[in-house]
Each structure stands twice: as structure tokens, then as C-alpha cells.
Amino acid sequence: MLDYALTHLHTSPGTTTIAELTRTTGLSPRRLSERFNQQVGISPKLYCRIQRFQQAVQQMHRGTDVRWAELALTCGYYDQSHFANDFRAFSGLSASDYSTTNRIWANHIPLD
């Protein structure tokens with residue numbers, strides 16, 4: 001059951017809800033969260049947030065002009081503000097600062 005949940009969350013992090021997973025797996029929300037925490041180490045909600053963030057970072061590295069509202073919606077964020085808050089929480093930077101930072105590796109930011 002947890003393999004199904006992980007696969008579903010990985011492929012659709014922005015559109016899968018915990019309620020949907022509990023219906024399809026037959027687990028209560030509490031039991032799903034307990035099993036997820038035991039086997040993955042984080043809650044299903046945090047896992048979804050991380051997956052959305054990673055999807056956004058990958059799209060930002062494609063080298064095209066970024067339209068923030070469009071990127072936010074494509075990655076499953078409710079709106080651009082939701083995206084901006086999550087991006088800052090995970091990276092410590094605004095998305096625009098991150099996108100303009102010169103770096104050797106795509107997912108690394110040089111420290112001064």
C-alpha cells in the first residue's frame with residue numbers, strides 16, 4: 001500500500017491529496033501518516049511539498065524564460081504566493097534570486 005502511495009505522490013505531487021490516498025489505500029489518514037513516517041521518515045504532506053519544490057527547480061533549470069505564476073500552477077501550487085513561500089522555506093532564497101544566481105552545479109548555491 002505504501003509503495004502505491006509513494007508512486008502516486010511522486011508522479012503527481014501537486015494533484016494528489018491525502019484524502020485520495022486514504023480512499024485508494026484503505027488506510028485512515030492517521031495510519032497512512034504513521035506508516036509514511038516510519039518507512040520514509042517524513043509526513044506525506046511534507047513529501048508532496050518536497051516533490052513540488054524539486055519539480056519547480058527542475059523546470060527552472062531548463063533555461064527558458066520563467067513565468068512564475070505559470071510555473072507555480074504547473075507544479076501544483078495553489079498560486080504564485082504559495083510557490084514563493086515554499087521556495088523560500090526550502091532554499092532560503094526567493095525564486096527569482098535563485099534563478100539569477102551563478103553556480104557551477106544546477107542544485108547548488110555558492111556561499112559567500
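This is a predicted model: local features need pLDDT of at least 70, side-chain atom pairs count only at pLDDT 80 or more; totals for chains, interfaces and linings use all residues.

Residues are numbered from 1 along each chain as its sequence is written, and side-chain values use heavy atoms, with hydrogens and water left out.

**The whole chain.** Switch to cartoon view and you'll find 7 helices and 0 strands (helices are DSSP runs of H or I, at least four residues; strands are runs of E, at least two; both are numbered from the N terminus). Of the 112 residues, 28% count as buried (buried means under 20% relative accessible area, exposed over 50%, partly exposed in between, with a 1.4 Å probe and protein chains only).

**Helix α1.** Now select residues 2-11, which form α1; its buried residues are L2, A5 and L9. These cover an arc of only 60° around the axis, so they sit on the same side of α1 (the arc is that of the directions from the helix axis to the C-beta atoms). What covers the buried residues? The cover includes α2 (18-25), α3 (29-40) and α4 (contact means heavy atoms within 4.5 Å).

**Helix α6.** Next, pick residues 80-91, the helix that holds D86. Here F83, D86 and F87 are buried. Down the axis of α6, the buried residues fall within an arc of 105°, so they line one face of the helix. An α-helix has 3.6 residues a turn, so residues three or four places apart point the same way. The face of α6 turned away from the buried side carries the exposed N85 and A89. Show α4 (44-60), α5 (68-74) and α7 (95-100) too: the buried residues of α6 pack against them.

**Zoom in on D86.** This one is buried, with a relative accessible area of 7%. Leaving out residues up to four places away in sequence, D86 touches R49, R52 and Y77.

**Both ends of α6.** At the start, a side-chain oxygen of D79 reaches to within 3.3 Å of the backbone nitrogen of S81. After α6 comes G92, with a positive phi near 85°.

Notes. A polar contact is a pair of N or O atoms within 3.5 Å; within protein, one must be able to donate a hydrogen and the other to accept it, and residues adjacent in sequence count only if both atoms are side-chain atoms.
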